[in-house]
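Please read the following explanation alongside the sequence and the coordinates.

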Amino acid sequence: MRSFIDHARTFPARADADGCRLAPLAAGQSPQALFVTCSDSRVVPSLICAARPGELFELRTAGNIIPDYDLDRPSGEAATIEFAARVLGVTDIVVCGHSHCGAVGALVRGDDLTAVPALARWLDTTLDSALDSALDTATGDADTGGPESGGAAAPPRHDADRGTGPDDDPLAAAVQRHVLTQIDRLRAYPAVRARLDDGTLTLHAWYYQVHTGTVLAHRPADGAFTPL
Ligand SMILES: [Zn+2]
């Protein structure tokens, strides 16, 4: 923690040396994109995108899960998405999953999460369709459609690590399918749907390899994730 404190203390000077002007930020923010990703420390959106303060609005959750839109169950995630789409007017929303994701891995493997009940509940209660989709993929039952594709089958929860992906992470395909499920959920948010309907918002499904730094993007034309 010592290093973090030292760097925080000297941040104003370092920002100034880097030509990063902080003072204008007092007038407000106008980020171009909302970046939704996992809380995993290996994924650093501003570093990956070279975004400066004020340029990238971030939403981070365990497993980059986007809950279903439900006003009867208020959530910080829904509030953040709504604010970004309706008030900030971001023109792009990125949902970025990543290799070696602990949350998706726990779901695919059916890990015992009794020691982390809040996490277990978060995954179980907000990931129903995503879980099915991820398991479909990990067990080789997924279709190859675009974001609109669903996962209706009910494969066994413990049939893990059989999937294959574009890298050496056996979870890659499951994580990518999981990202597409979150994109589907995002589309159902009224604020997002309105912006999509008027053509002022673009959604991006990304997959980040933590061990190479490579970013793959979903190509709706063929349903594949390929390097940017
Ligand atoms: Zn993760």
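R219 has A224 of strand β6 as its bridge partner in this predicted model. The pairing to which strand β5 (residues 215-219) and β6 belong is antiparallel and extends over 4 bridges. Both strands are part of an open sheet of 6 strands, ordered β2-β1-β3-β4-β5-β6, in which the pairing is mixed. At its edges stand β2 (56-61) and β6 (224-227), each of which pairs on one side only. Between neighbouring strands of the sheet the average turn is 30°, with direction ignored.

Helix α8 packs on this sheet, where it touches β3, β4 (202-208), β5 and β6. The directions of α8 and β4 make an angle of about 160°.

The interior can be described next. In soluble globular proteins, nonpolar side chains tend to be buried together. Here the largest nonpolar core comprises 42 residues, and the members that touch the most others are L34, I81, I93, L186 and V192. The element that gives the most to this core is helix α8 (residues 172-187), with 7 residues. For L186, once neighbours within four places in sequence are set aside, the contacts are I66, I81, I93, V95, V192 and L203. Another core, of 9 residues, lies apart from the largest one; V94, C96, V215 and A217 are among its members.

A further topic is the annotated site. The unreviewed UniProt entry places a "binding site" feature at C38, D40, H98 and C101. These positions span 64 residues in sequence, but no two of their C-alpha atoms are more than 8.7 Å apart, so they gather at one spot.

C38 is located in strand β1 (residues 33-38). Its relative accessibility is 6%, and because buried means under 20%, C38 counts as buried. Beyond its neighbours within four places in sequence, C38 is in contact with R60, T61, A62, G63, N64, C96, H98 and C101.

C101, by comparison, occupies the loop between β3 (92-98) and α5 (102-109). With a relative accessible area of 2%, C101 is buried. Residues up to four places away in sequence not being counted, C101 touches C38, G63, D169, L171 and V175.

How many disulfides does a search of the whole structure find? The search finds 0, although C38 and C101 are in contact. A further cysteine, C20, has a relative accessible area of 13% and is likewise buried.

Definitions and conventions: Residues are numbered from 1 along each chain as its sequence is written. This is a predicted model: local features need pLDDT of at least 70, side-chain atom pairs count only at pLDDT 80 or more; totals for chains, interfaces and linings use all residues. Side-chain values use heavy atoms; hydrogens and water are left out. A nonpolar core is a set of buried Ala, Val, Leu, Ile, Met, Phe, Trp, Tyr and Cys residues joined through side-chain atoms within 4.5 Å. Buried means under 20% relative accessible area, exposed over 50%, partly exposed in between (1.4 Å probe, protein chains only). Helices (H or I, at least four residues) and strands (E, at least two) are DSSP runs, numbered from the N terminus. Contact means heavy atoms within 4.5 Å. UniProt positions are given in the numbering used here, feature names are shortened, and annotations may be inferred rather than shown by experiment. A disulfide is a pair of cysteine sulfur atoms within 2.5 Å. Two strands pair if DSSP finds at least two bridges between them. Axes are lines fitted to C-alpha atoms, for helices over the stretch in contact, and angles run from 0 to 180 degrees between N-to-C directions.
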